[in-house]
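I opened the model and kept a notebook of what I looked up. The entries follow in the order I made them.

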Amino acid sequence: LQPGLKIDRLEEIRESPIIPYDIEAPLQQAGLLDLIDQALQSGPSEDAVAHIAHAAQRRTGHQTTAGFVPVNVDTQLIDAIVVYVGMHSIAKAAQKGGPTFTQASPDAALLSMLIHELSPEARYYFISSMVNQLRFPNSHTHYFSQALLEVFGNDMNDQEESDIRQQITRILFERLIGHWPQPWGLIIAIVELIKNEKYMFFELPFIK
């Protein structure tokens with residue numbers, strides 16, 4: 001957290017965390033694994049994104065959130081989609097020796113298109129799943145912090161983009177007001193959002 005820290009230069013930022021559960025199983029069960037692999041290889045089509053979004057927005061079981069409000073999306077599938085895309089992209093970048101996150105890559109396009117395609121409720125859980133990866137210094141923290149910041153600063157004038165920015169801000173602040181200390185990656189992302197003039201954070205309508 002030192003001023004002027006260059007995250008890219010941290011040795012730990014290239015190491016991937018251990019995932020203690022099977023990421024591919026929910027994707028195979030939903031019939032999405034081949035579709036996502038194809039989207040990550042050749043770029044996502046609108047039909048593929050719509051199909052993935054439809055599968056993620058199916059209610060499974062009787063899951064509820066605070067106040068026993070029903071959850072109308074498949075949160076396990078959403079988590080699997082998010083982590084699988086991140087793992088695939090990080091592995092591909094490591095093979096090529098390039099940056100962890102690239103704006104023009106198929107994975108970045110897939111994440112962005114899904115965020116725009118999903119309903120507000122499903123989008124909330126999708127972004128929450130991305131924020132869940134902002135933990136200690138590792139490749140997942142690095143990848144998803146950059147991915148979130150890229151989505152946040154996409155188009156500063158579009159109303160839909162403003163709604164997405166508002167939802168990202170809400171989720172980050174929900175995490176921030178919990179018991180301290182907070183995960184390193186969460187703090188790094190919030191500090192970048194607030195301090196980088198590119199995002200004009202304090203000028204945003206919902207902040208004002």
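**Pockets**

I began with the second largest pocket: 15 residues line it, and Ile13, Arg14, Gly98, Pro99 and Thr100 lie nearest its centre. I took a pocket as an open set of points on a 1 Å grid over the protein atoms alone, with protein on both sides within 12 Å along at least five of seven lines; a cavity is a set where a 1.4 Å probe fits but cannot get out, and lining residues have an atom within 4 Å of a point. This is a predicted model, where local features need pLDDT of at least 70 and side-chain atom pairs count only at pLDDT 80 or more, while totals for chains, interfaces and linings use all residues. Residues are numbered from 1 along each chain as its sequence is written, and side-chain values use heavy atoms, with hydrogens and water left out.

The second largest pocket holds about 290 Å³ of space. Volume here is the space filled by probe spheres set on the grid points, which are joined across faces, edges and corners. Helices α4 and α7 each supply at least two residues of its lining. Helices (H or I, at least four residues) are DSSP runs, numbered from the N terminus. By class I found six nonpolar, seven polar and two charged residues in that lining. Nonpolar covers Ala, Val, Leu, Ile, Met, Phe, Trp, Tyr, Cys and Pro; charged covers Asp, Glu, Lys and Arg; the others, Gly among them, are polar.

I then looked up the largest pocket, with a volume of about 650 Å³. Of its 24 lining residues, Leu5, Ile7, Leu149, Ile188 and Glu192 are the closest to the centre. Helices α7 and α9 each give at least two residues to the lining of the largest pocket. That lining has eleven nonpolar, seven polar and six charged residues.

**Threonine 100**

Threonine 100 sits in the loop between α4 (75-96) and α5 (106-117). Is threonine 100 buried or exposed? It is buried, with a relative accessible area of 19%. The cut-offs are under 20% for buried and over 50% for exposed, with partly exposed in between (1.4 Å probe, protein chains only). Leaving out residues up to four places away in sequence, threonine 100 touches Ser89, Ile90, Ala93, Ser139, His142, Tyr143 and Gln146. Contact means heavy atoms within 4.5 Å.

**Cavity**

I searched the whole structure and got one cavity of 30 Å³ or more. The largest cavity has a volume of about 40 Å³. Ser145, Leu148, Leu149, Phe152, Ile168, Leu172, Ala189 and Leu193 line it. The elements giving two or more residues to this lining are α7 (139-152), α8 and α9 (184-195). Helix α7 gives the largest share, four residues. The lining has seven nonpolar, one polar and no charged residues.

**Salt bridges**

How many salt bridges does a search of the whole structure find? It finds two. I counted a side-chain nitrogen of Lys or Arg within 4 Å of a carboxyl oxygen of Asp or Glu. Arginine 170 bridges to glutamate 174, with the closest N and O atoms 2.8 Å apart. Both lie in helix α8 (residues 159-176), four residues apart, about one turn of the helix. Arginine 170 is partly exposed at 47%, and glutamate 174 is partly exposed at 32%. Lysine 208 and glutamate 203 form a salt bridge at 3.4 Å, N to O. Lysine 208 is exposed at 71%, and glutamate 203 is exposed at 52%.

**Aromatic pairs**

The structure holds seven aromatic pairs. One of them joins phenylalanine 201 and phenylalanine 202 edge-to-face, 5.4 Å centre to centre and 90° between the planes. Rings of Phe, Tyr and Trp (its six-membered ring) pair if their centres lie within 6.5 Å; planes under 30 degrees apart are stacked, over 60 edge-to-face, and the rest tilted. Phenylalanine 201 is buried at 4%, whereas phenylalanine 202 is exposed at 51%. Ring pairs link Phe152, Phe173, Tyr199, Phe201 and Phe202 into a cluster.

**Backbone**

Most residues other than glycine have a negative phi, and most peptide bonds are trans. I noted a cis peptide bond joining tryptophan 180 and proline 181, with omega about 0°. Proline 181 is in the loop between α8 and α9. Phenylalanine 68 has a positive phi of about 60°. It lies in the loop between α3 (46-56) and α4, and is exposed at 71%. Methionine 200 has a positive phi of about 45°. Methionine 200 is in the segment after α9, partly exposed at 42%.
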